[in-house]
Amino acid sequence: AALYWAIVSITTMGYGDITPANHTERIYAIVVAVFGAIVFSYCLGTISSLIFQVAGVDERFQEKTRAVLEYFSFRGVPASLKRR
């Protein structure tokens, strides 16, 4: 009962109106809660990774743009051509 209480509290699943009545149901509820936490963590990690990848692409684009503008300045390219 204590392990069930701890898992339900940590996963913020809540106690609800229907609670496990015997040992087998408690084990099932614990397994489902842990599985749910693992799936949630995986999804959150994937979303996080995608955000960092997008930020990295933007940073590389800005870096290349700066390099091109520096080259234009070095070569004395007119401002009207730089905007193109």
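Along the principal axes, the C-alpha atoms fill a box of roughly 80 × 20 × 15 Å.

Bear in mind that this is a predicted model, where local features need pLDDT of at least 70 and side-chain atom pairs count only at pLDDT 80 or more, while totals for chains, interfaces and linings use all residues. Residues are numbered from 1 along each chain as its sequence is written, and side-chain values use heavy atoms, with hydrogens and water left out.

On confidence, the chain averages a pLDDT (the predictor's confidence in each residue, from 0 to 100) of 84, and 95% of the residues score at least 70. The mean is lowest in α1, at 79, and highest in α2, at 88.

What about secondary structure? We have three helices and zero strands; helices (H or I, at least four residues) and strands (E, at least two) are DSSP runs, numbered from the N terminus.

Now the packing: α1 (residues 2-10) and α2 (residues 23-75) meet at about 25 degrees, axes 10 Å apart. Axes are lines fitted to C-alpha atoms, for helices over the stretch in contact, with angles from 0 to 180 degrees between N-to-C directions. So α1 is roughly parallel to α2, a label for angles under 35 degrees.

Who touches whom, with contact meaning heavy atoms within 4.5 Å? Leu3, Tyr4 and Ile7 of α1 meet Arg26, Ala29, Ile30, Ala33 and Val34 of α2.

How values were computed. Angles under 35 degrees count as roughly parallel, over 145 as roughly antiparallel, 65 to 115 as roughly perpendicular and the rest as oblique. Contact means heavy atoms within 4.5 Å.
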